[in-house]
Amino acid sequence: MLLRLLLLICAPLCEPTELFLIVSPSQPIEGNSMTLACKTQPPPQKLDVQLQFRFYKDGRPLGLDWDSIPELWIPAVWREDSGSYWCQAKTTPLRVKWSRRVQIQVHGVPISNVNLEIQPPGGYLMEGEKLVLVCLVTGGTGDITFFWYKGVLGLNLETKTQRSLTATFEIPVVRESDSEQYYCAADNGYGPRLSELVNITVRIPVSHPVLTLRAPGAQAVVGDVMELHCEVWRGSAPILYQFYHEDVALGSSSAPSGGGVSFNLSLTAEHSGNYYCEANNGLVAQRSEVVPLNIIVPTEDRKEVLTSRVMEVLLGISGPTTMALLFCCWLKRKIGSRSAGDPLRSLPSPVPQESTYLNSQAPEQLHPDYENVNVVSGDEVYSLVYCVQQEQQPAAEEPAGMHTGDKNSSAIYSRLKKADLTDVDYEDVM
């Protein structure tokens, strides 16, 4: 009776059945799912027999306990999941059957299309900004090791391993020394793949420039050639310099490789004043401090400058008056030339007066000679009479035909009434 009962219990397992482990897909790919199925062959004859199943990998059970479901679903497998698998089936703790071992090899996908992206884009940063280097791949499975390199020689900056197609590396504060070529690499066990080189340029805003005025001597003199030198302490090239005198641009010069530039100026008296320069490298424009310049003007040059300025005033401000004076002089000469040929228009000579004695010890008779000159001032006419008196000697002491003695001259001024210019003669004083 007992033997019959045992046969009934173990009948399903005592039958010549075989247990198989079926893997789907047969060649799993990293990152994909995999299903393990434990099946008997032939299947149990009695429907009321309940089998329990369990799966193993390299001698370690998968899952927590036995399960009535003859399948195990693994959502994602990786290369480390490769190994030896089998399954078990039982009806009672005493009756357990094992399947044959199945060797499973999980296959990976090599890395493809490695790229290095930078943030901010463009490759141009200002000193002090943050630089983010993003290394990414479009193909590849499993754990990927990312590498970041600086320079063509490949100075390794960072290494990261993660199960991801993207990894980042940051430089929180960039310096000018970080200007270089960068690239990254990725490897998932099938060999590293490299990205293209990416240029990173870290630019520095220009500092406040310093303006220096260099004269040949201790003092700036008119005629000297003054050198204006403008230079910044730091700043990325190229740098454009502009020179100013009293807010008027004198000229500009560029420094393609950085440093300072000079501007030569031939000095005149008008170049005294305030000077400054400006530096601009496209990031920011900075202005230097104002430098005053006092130019020494020699005495002769001062006279010339004064004469020039007086002429400028006369021509610029008193132009109409000057033209009127020139017209009057022309009219005066024209009228004078007309009067010289017309004796009726000359004024009569004054009546001779009695002679006088000047600087003589004895009273002697003097014979006066008269010359009349007319002078015009404005619209008034002045008559100037020259009186020349000859001091006569006694007849006994004077040779015939000869007159000796001193001539005393005196001038008599007579102011006449206003006269019409057409009625007055003008003569030059002889």
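Predicted model: local features only at pLDDT ≥ 70, side-chain atom pairs only at ≥ 80, totals over all residues.
Residues are numbered from 1 along each chain as its sequence is written, and side-chain values use heavy atoms, with hydrogens and water left out. Local features need pLDDT of at least 70 and side-chain atom pairs count only at pLDDT 80 or more, while totals for chains, interfaces and linings use all residues.

The protein contains three helices and 28 strands, taken as DSSP runs numbered from the N terminus (helices: H or I, at least four residues; strands: E, at least two). Of its 430 residues, 31% count as buried, meaning under 20% relative accessible area with a 1.4 Å probe and protein chains only. Among contacts (heavy atoms within 4.5 Å) between residues at least 6 apart in sequence, 59% join residues at least 24 apart.

Turning to the sheet, three strands form an open arrangement in the order 1-2-5, with antiparallel pairing; two strands pair if DSSP finds at least two bridges between them. Strand 1 (18-24) and strand 5 (71-74) are the edge strands, each pairing on one side only. Seven bridges join strand 1 to strand 2 (residues 34-41), and Glu18 stands opposite Gln41 in strand 2.

Strand 1 also holds Leu21, which counts as buried because its relative accessibility is 9%. Beyond its neighbours within four places in sequence, Leu21 is in contact with several residues, including Leu36, Ala37, Phe55, Trp86 and Val102. The C-alpha atoms of Leu21 and Pro70 are separated by 9.7 Å, and the two residues lie 49 residues apart along the chain.

Note on methods. Buried < 20%, exposed > 50% of the residue type's maximum accessible area, 1.4 Å probe, protein only.
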